[in-house]
Amino acid sequence: PGQGELFDQEEAGASVSIEEETVLETPQLSEVKAHKRKKAGRKPLSADLPRKQIIIDIDEEEKQCACGCRLSRIGEEKTERLQVTPAQFYVEETIRPKYVCRNCEGSADEDEGKPVFRVADAPKHLLPGSIATAGLLSFVFTNKFCDHLPYYRQEKAFERLGVSLSRQDMSNWQTKVHELCSPLEALMMDHLKTGKVIRMDETTVQVMGEEKRKDTDKSYMWLARGGPPDTPVIIYRYQRTRASIHVDEFIRGFSGFLQTDGYKSYKTALERHRREHPEDKIIHVGCMAHARRYFYEASLVNKQSKSPEVALSYIRKIYQGETVLREQNLREEDFLEQRQKKILPILEQFHQWLKEKAQNIPPSQKLAQAVFYTLGEWEYLIAYLQSPDLTPDNNLSENAIRPFVLGRKNWLFSGSPEGAKSSCFLYSLIETAKQNGRNPSDYLTHLFLKAPYCRSQDDWQALLPWNVSIEPYSPKGIWVS
């Protein structure tokens with residue numbers, strides 16, 4: 001009895017149950033808004049771009065009419081095109097005149113404890129003795145960590161512009177900047193835990209020169225996104241392994257929600273953390289996007305099967321319901337109440353469908369992997385219902401780790417553990433600046449200008465991306481070209 005179920009005729013697409021047909025035909029929770037076709041033509045150039053006018057006028061004799069009267073200007077023909085000037089470098093020479101008294105040759109100053117020679121104080125630089133200015137450091141790091149341009153490619157680009165700058169110099173600057181600005185790391189980690197939600201993810205990275213390891217061994221880049229919603233922070237950390245112990249740094253002292261994918265190290269870390277730090281109340285939340293991915297892959301393997309589409313339709317309704325509620329701008333209490341009323345029934349129907357499907361599906365099928373993964377993660381997948389700050393998936397952290405993944409395709413590996421750590425630091429600064437509406441290049445320039453003058457934790461606190469007020473760079477002194 002039931003032997004025929006091993007072949008799961010329903011999976012072969014022979015028929016769809018009445019319940020499944022009902023699910024597929026259930027009216028959508030939101031209506032598709034009418035699409036308004038945009039007018040053809042290019043987009044206007046930004047009004048923030050500087051403009052240079054080229055006035056092409058007719059000759060003066062052409063401004064005279066045959067009747068003898070002078071022509072009157074009644075308007076103009078105006079066109080806009082985007083022009084570019086290749087990057088230009090200049091040497092910034094700082095000149096500090098020195099003064100001395102010719103009369104007493106400084107003897108009077110010595111009596112009053114003043115120096116014989118008077119000269120203005122030299123401005124402080126992040127890398128004293130180096131040719132690197134704040135602007136150059138920002139340019140180099142933005143090229144690498146925003147535009148994924150490795151140092152060896154930048155070296156060639158500098159050569160074409162007549163500048164001799166080696167990849168080793170740029171790599172050394174990166175390590176030194178990390179060392180000098182390291183107080184920001186602790187402040188960003190503390191800020192991460194001030195919000196209600198921390199989202200985490202991890203990906204591989206190849207690091208050369210690790211002790212007692214081959215250069216071909218895989219290391220890991222861990223990422224956490226958290227902090228208050230209006231001042232989010234993103235932190236990258238390099239670790240040699242994918243062990244659960246590396247999660248502890250991010251959750252120690254935190255109470256709230258931890259949203260991750262189904263990787264078991266997060267569960268192991270939370271179980272250990274609850275035993276050692278019972279005062280930290282952390283609720284683990286799963287990621288619906290990962291469950292959806294399994295069902296989508298199953299639909300590609302057997303396109304005749306209806307079951308993957310049934311699962312996808314449930315998930316689609318969950319997201320549609322979330323979208324409708326978000327658009328209503330409800331109070332937190334009302335939002336949670338409506339979410340329980342409209343979304344929870346869909347989740348319960350989906351859960352029942354999963355349990356029934358698990359009873360007769362062959363374990364070897366791709367769909368079985370999706371079903372059992374979703375059932376195993378169910379308590380974490382529905383935990384997002386508890387907070388309006390949570391979404392069904394962990395896509396915010398996956399989006400945050402994507403810039404690193406794109407960069408890895410270009411620079412392939414880190415040359416040393418120190419290089420990997422400093423790369424994490426700069427990725428953290430740049431991605432956090434983006435999340436807080438700052439231009440990464442402007443922010444880094446501002447940071448490198450102000451960092452040499454920091455003396456206390458409050459000084460460093462003022463340089464966090466959400467605290468800075470960035471002004472155009474204007475060096476102290478008188479410019480003489």
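The second largest pocket of this predicted model holds about 1,400 Å³ of space. Of the 27 residues lining this pocket, Q53, I54, I55, K78 and T79 are the closest to its centre. On a 1 Å grid over the protein atoms alone, a pocket is an open set of points with protein on both sides within 12 Å along at least five of seven lines, a cavity is a set of points where a 1.4 Å probe fits but cannot get out, and lining residues have an atom within 4 Å of a point. Grid points are joined across faces, edges and corners, and a volume is the space filled by probe spheres set on the points.

**Basis of the values**

- Local features need pLDDT of at least 70 and side-chain atom pairs count only at pLDDT 80 or more, while totals for chains, interfaces and linings use all residues.
- Residues are numbered from 1 along each chain as its sequence is written, and side-chain values use heavy atoms, with hydrogens and water left out.

**Pocket lining by class**

- The lining of the second largest pocket comprises 11 nonpolar, six polar and 10 charged residues.
- Nonpolar covers Ala, Val, Leu, Ile, Met, Phe, Trp, Tyr, Cys and Pro; charged covers Asp, Glu, Lys and Arg; the others, Gly among them, count as polar.

**The cavity**

- One cavity of 30 Å³ or more is found in a search of the whole structure.
- The largest cavity contains about 40 Å³ of space.
- Its lining consists of E185, M188, I235, Y236, R237, F425 and S428, of which four are nonpolar, one is polar and two are charged.
- At least two lining residues come from each of α6 (183–192), β5 (233–239) and α16 (417–435), and β5 gives the most, with three.

**The chain as a whole**

- The protein chain has 18 helices and seven strands, taken as DSSP runs numbered from the N terminus (helices: H or I, at least four residues; strands: E, at least two).
- Of its 481 residues, 41% count as buried, that is, under 20% relative accessible area with a 1.4 Å probe, protein chains only.
- The chain exposes about 29,700 Å², of which carbon and sulfur atoms supply 51%; the areas come from the Shrake-Rupley method with a 1.4 Å probe.
- Among contacts (heavy atoms within 4.5 Å) with a separation of 6 or more, 68% join residues 24 or more positions apart.

**A helix pair**

- Helix α11 (residues 332–342) packs against helix α12 (residues 344–358) at an angle of about 35°, with their axes 4 Å apart.
- R339, Q340, K341 and K342 of α11 meet L344, P345 and I346 of α12.
- These contact residues comprise three nonpolar, one polar and three charged.
- Axes are lines fitted to C-alpha atoms, for helices over the stretch in contact, and angles run from 0 to 180 degrees between N-to-C directions.

How values were computed. Buried < 20%, exposed > 50% of the residue type's maximum accessible area, 1.4 Å probe, protein only.
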